[in-house]
Amino acid sequence: MFSRLFAPRATAHAHCDLPCGVYDPAQARIEAESVKATQEKYQANEDPHFRARATVVKEERAELVKHHLSVLHTDYFKAPHFEAYPQLHELFNKAGKAASAAKASTDPATGQALLDLIAEIDRIFWETKKAA
């Protein structure tokens, strides 16, 4: 009797993890901008305590970049997108590896390389949004 009393009255189904329209490469870009800015601040400061904190922040932000890219890759982009943009899987692979490289480096050039790849993903993303 209790199971019927507390059973859900309706079942909901969703085709993705997030409501439609909330995906945006800007989340990855903002975190990548933070990675690069932190790398630049690291280079401009000789204080070992500051550098230690900067390293932690940079690594956290780089992980967030990887997370946001993964969500876009696996949840937003679908088979028709990969057919229209056959380089997309490779682009996400390169961007993930660039995020790992930026995480491991204090060289702002690695942060910029990551931002460049995210810009290409962003361009494709908005093309797919316009086509929808």
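Predicted model: local features only at pLDDT ≥ 70, side-chain atom pairs only at ≥ 80, totals over all residues.
The protein has 6 helices and 0 strands. From the N terminus on, its elements run α-α-α-α-α-α. Of its 132 residues, 35% are buried. Among contacts with a separation of 6 or more, 73% join residues 24 or more positions apart. The accessible surface comes to about 8300 Å². Carbon and sulfur atoms hold 58% of that surface.

Helix α3 covers residues 48-76. Its end-to-end reach is close to the expected value.

| Helix | Residues in helix | Expected span | First to last C-alpha |
|---|---|---|---|
| α3 | 29 residues | 42 Å | 41 Å |

The buried residues of α3 are R51, A54, K58, A62, V65, H68, L69, V71, L72, D75 and Y76. They pack against α2 (26-43), α4 (79-84), α5 (88-104) and α6 (108-131).

In α6, the buried residues include L114, L115, L117, I118, I121, I124 and F125. P108, T110, G111 and T128 are also buried there. The buried residues of α6 pack against α2, α3, α4 and α5.

**α3 against α5**

How do the axes of α3 and α5 cross, and within what distance do they come? They come within 8 Å and cross at roughly 170°. An angle over 145 degrees counts as roughly antiparallel. The two helices are therefore roughly antiparallel to each other.

From α3, the contact takes in K58, E59, A62, E63, V65, K66, L69, L72 and H73. From α5 come H89, F92, A95, G96, A99, S100, A102, K103 and A104. By class, this contact has 9 nonpolar, 4 polar and 5 charged residues. Several of its α3 members are on the buried list too, among them K58, A62, V65, L69 and L72.

**E31 in α2**

E31 lies in helix α2. Is E31 buried or exposed? Buried means under 20% relative accessible area. E31 has 16%, so it is buried. Which residues does E31 touch, leaving aside neighbours within four places in sequence? They are R61, L64, V65 and H68. Of these, V65 and H68 are among the buried residues of α3. V65 also takes part in the contact of α3 with α5.

Methods:
Residues numbered from 1 in each chain as written. Heavy atoms only, no water. Helix = DSSP H or I, 4+ residues; strand = E, 2+ residues; numbered from the N terminus. Expected span 1.5 Å × (residues − 1). Buried < 20%, exposed > 50% of the residue type's maximum accessible area, 1.4 Å probe, protein only. Contact = heavy atoms within 4.5 Å. Axes fitted to C-alpha atoms, helices over the stretch in contact; angles between N-to-C directions. Parallel < 35°, antiparallel > 145°, perpendicular 65-115°, else oblique. Nonpolar A, V, L, I, M, F, W, Y, C, P; charged D, E, K, R; others polar. Areas by Shrake-Rupley, 256 points an atom, 1.4 Å probe, with all protein chains shown as cover.
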